[in-house]
Amino acid sequence: MKRPLITAVVAVGQLALAALAVAPQLSARLAGDTYLVRVAPVDPIDPFRGAYVALDYPDLRHGGSRSSVEPGLGALEDGESGEVYIALAETDGVWVGAEWTRTRPTHGPYLACDDRSWQVRCGIESWFLPQEDAREAEVLLREGAVAELRVDARGNAAVVDVRAR
Amino acid sequence: MTDTASPAPPVATRSVAPHQLAWLRHELADWTSEGLLSEEQAARISTRYRSEHHARVSVGRVLLHLGAGFVGVGLIWLVAANLDELSPVARFTAVAVLWLAFLVGGESLAARHASPPIVGAARLLAALGFGALVFQAAQSLQVPAYEPRLVGLWAVGAFVHAYLTRAAAPFLVGVVTGVTWWFMQPLWDAQDGTAVVVLLGAGAVLTAALAVLHDGWIDGFAWTWRTVAGGMALAALFVAAIPGAAGDGLTWSPWLVVALGAAAAATIGAAVVRRGARILEPLGAAAVLLTATTLSLWTTGTDASTVDGADWAHAAISVAAYVVLAVALVALGTVRGHQALTWMAMVGLVVFTTFQGFAVFAPIVTGAWLFVVLGTLFLGTGFLFDRARRELVQALDATDRTSEGTGR
């Protein structure tokens with residue numbers, strides 16, 4: 001093979017691998033349905049990641065557990081760790097967590113999450129905003145807001161917007 | 001032999017280290033002066049070899065690779081941490097442009113036969129840049145950065161680059177990230193000491209088989225795979241011999257099964273493709289895997305203040321197994337001319353003997369006597385090991401003399 005062709009194959013192959021790394025999130029954005037979920041702030045700016053608003057979802061937390069230092073949905077506290085699935089149900093125009101299971105629900109909608117770190121994470125725990133907008137968003141979140149999620153058939157989720165309720 | 005009717009056909013020259021070429025020329029001059037060779041024969045032998053200057057570790061090469069490493073890591077850090085005015089898409093685009101520039105730049109330099117250290121530095125930046133690309137894509141789309149599959153995909157990308165271009169720098173990045181993923185992915189599901197031992201042993205089998213498969217195909221990669229195999233085998237027995245490191249036995253996970261399956265498949269592949277004694281390398285690594293796993297699952301007394309018969313037996317068998325492995329690695333290093341293996345085996349044995357000595361004797365022997373016992377143990381092991389190494393080298397030299405003209 002000629003060198004330009006080899007270089008092109010390497011570039012395309014590596015781009016495909018990068019896409020594979022984020023395939024669940026891409027799938028949620030491209031093929032998911034829209035769900036509105038109540039949202040609250042945890043920490044306005046994570047200094048190691050730029051201007052990301054860390055989001056908390058009061059209606060998706062399990063029992064009375066709370067997330068604190070870093071964003072997350074609390075803990076399942078069943079002595080296991082791994083995949084967690086949160087079945088969603090609609091209440092008063094927003095979606096709330098109805099059931100937390102270790103086995104994938106047979107029908108949706110549900111969120112596919114993970115609690116191998118010390119709390120449940122669903123890939124929807126932070127939202128990027130420029131520095132100035134992040135401070136405004138913090139005020140908005142305190143006054144009550146909803147996150148617009150895209151969730152695909154496999155439970156992969158992505159935040160696409162945060163707005164006043 | 002000296003006079004031929006027609007000129008000899010052109011012979012491909014071999015690259016050798018400068019000090020080897022200097023030694024050969026010195027010997028050729030001696031043989032010529034003694035009448036063993038004619039001037040013409042000496043000249044013809046001499047033209048078969050050329051000095052491989054790039055094999056030397058020059059200051060320039062070290063600085064270039066060090067600089068490329070720092071720039072690569074710095075770029076990942078810079079983009080991930082400080083460009084907070086950029087949107088996720090803009091950050092990803094910035095990283096993608098840098099990665100592509102390094103990739104295309106490195107390959108363009110290689111095509112123009114630029115200085116190998118400069119090409120290597122550019123390729124190292126491209127391999128690190130691909131890692132930055134994967135992690136920036138993940139960050140932009142809220143994928144947790146600690147997920148093992150990101151490291152695994154980085155390794156796959158680096159290997160794609162390395163194997164298509166036969167490039168050493170991306171290969172080394174691939175090996176480092178690949179080895180990291182090898183442990184990170186299975187331990188993501190279940191963490192226990194025996195799983196680490198099994199992963200080390202299976203890793204040794206897989207990389208030993210890969211080394212055999214690469215022999216005569218890509219020799220540089222074979223050298224690295226063989227080094228990794230030796231390191232993993234030594235580490236497997238080391239961890240297995242630590243008293244109480246096993247925990248409550250082995251916790252199986254799907255990835256652990258995949259790891260063992262990959263090791264078995266590579267061994268079968270090596271047996272089919274490279275027939276002969278070479279298959280002893282992955283088979284030897286498989287013996288290490290079995291021994292290490294058995295030692296790890298063999299739990300002796302839990303009371304650290306006393307040493308009973310089972311503890312002594314565990315320690316004695318561990319030391320014996322480690323010495324056998326070290327001697328085997330020295331033999332392999334001697335046969336293959338692989339100095340790194342020999343050194344790894346010797347350093348590994350020193351560290352292992354000292355560690356085991358403390359682990360076994362510390363509870364029952366204290367103070368100055370501990371040092372006396374340890375020193376005696378160490379001297380005995382060192383003496384036997386060095387004697388075995390010298391006898392092995394002599395035996396191999398004698399074999400070479402009797403079967404002159406045959407390859408190793």
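**Figure 1. Packing of helix 4 against helix 5 in chain B of the predicted model.** In this predicted model, helix 4 of chain B, which covers residues 88-111, packs against helix 5 of chain B, residues 116-140, at an angle of about 160° and with 8 Å between the two axes. Because of that angle, helix 4 of chain B is roughly antiparallel to helix 5 of chain B. The crossing of helix 4 of chain B and helix 5 of chain B is left-handed, and the residues of their contact divide into 20 nonpolar, five polar and two charged.

**Figure 2. Crossing of helix 5 and helix 7 in chain B.** Helix 5 of chain B also has an axis that comes within 7 Å of the axis of helix 7 of chain B (residues 168-189), the two crossing at roughly 35°. This crossing of helix 5 of chain B with helix 7 of chain B is right-handed. On the side of helix 5 of chain B the contact is made by Gly120(B), Arg123(B), Leu124(B), Ala126(B), Ala127(B) and Leu128(B), and on the side of helix 7 of chain B by Ala168(B), Ala169(B), Pro170(B) and Val173(B). Sorted by class, the contact of helix 5 of chain B with helix 7 of chain B has eight nonpolar residues, one polar residue and one charged residue.

**Figure 3. Helix 8 and helix 9 of chain B.** The axes of helix 8 of chain B (residues 193-214) and helix 9 of chain B (residues 219-241) come within 7 Å of each other and cross at roughly 155°, which means that helix 8 of chain B is roughly antiparallel to helix 9 of chain B. Helix 8 of chain B passes helix 9 of chain B in a left-handed crossing. The residues that helix 8 of chain B brings to this contact include Gly193(B), Val197(B), Leu200(B), Ala204(B), Ala208(B) and His214(B), and those that helix 9 of chain B brings include Phe221(B), Trp225(B), Arg226(B), Met232(B) and Val239(B). By class, the contact of helix 8 of chain B with helix 9 of chain B has 18 nonpolar, five polar and one charged residues.

**Figure 4. Helix 1 of chain B and the residue Gly35(B).** Helix 1 of chain B, residues 18-33, has 16 residues and reaches 23 Å from its first C-alpha to its last, which is close to the 22 Å expected at 1.5 Å a residue. Just after helix 1 of chain B, Gly35(B) takes a positive phi of about 80°.

**Figure 5. Domains of chain B and the contact of domain 2 with domain 3.** The domain assignment of chain B gives domain 1 as residues 14-50, domain 2 as 57-189 and domain 3 as 202-408. Nine residues of domain 2 of chain B are in contact with 10 residues of domain 3 of chain B, and the residues on the domain 2 side divide into six nonpolar, one polar and two charged.

**Figure 6. The contact between chain A and chain B.** Across this interface, 29 residues of chain A are in contact with 32 residues of chain B. The elements that give two or more residues to the side of chain A that touches chain B are helix 1 (3-21), helix 2 (23-31) and strand 6 (126-128) of chain A, and helix 1 of chain A gives the most, with 12 residues. The residues of the side of chain A that touches chain B divide into 16 nonpolar, nine polar and four charged.

Notes. Residues are numbered from 1 along each chain as its sequence is written. Chains are lettered from A and ligands numbered from 1 in the order in which they are written. This is a predicted model: local features need pLDDT of at least 70, side-chain atom pairs count only at pLDDT 80 or more; totals for chains, interfaces and linings use all residues. Axes are lines fitted to C-alpha atoms, for helices over the stretch in contact, and angles run from 0 to 180 degrees between N-to-C directions. Helices (H or I, at least four residues) and strands (E, at least two) are DSSP runs, numbered from the N terminus. Angles under 35 degrees count as roughly parallel, over 145 as roughly antiparallel, 65 to 115 as roughly perpendicular and the rest as oblique. A crossing is left-handed if the near helix is turned anticlockwise from the far one by less than a right angle, and right-handed if clockwise. Ala, Val, Leu, Ile, Met, Phe, Trp, Tyr, Cys and Pro count as nonpolar, Asp, Glu, Lys and Arg as charged, and the others, Gly among them, as polar. Two residues are in contact if their C-beta atoms, placed from the backbone, lie within 7 Å. Domain bounds come from an automatic or database domain assignment. The expected span of a helix is 1.5 Å times one less than its number of residues.
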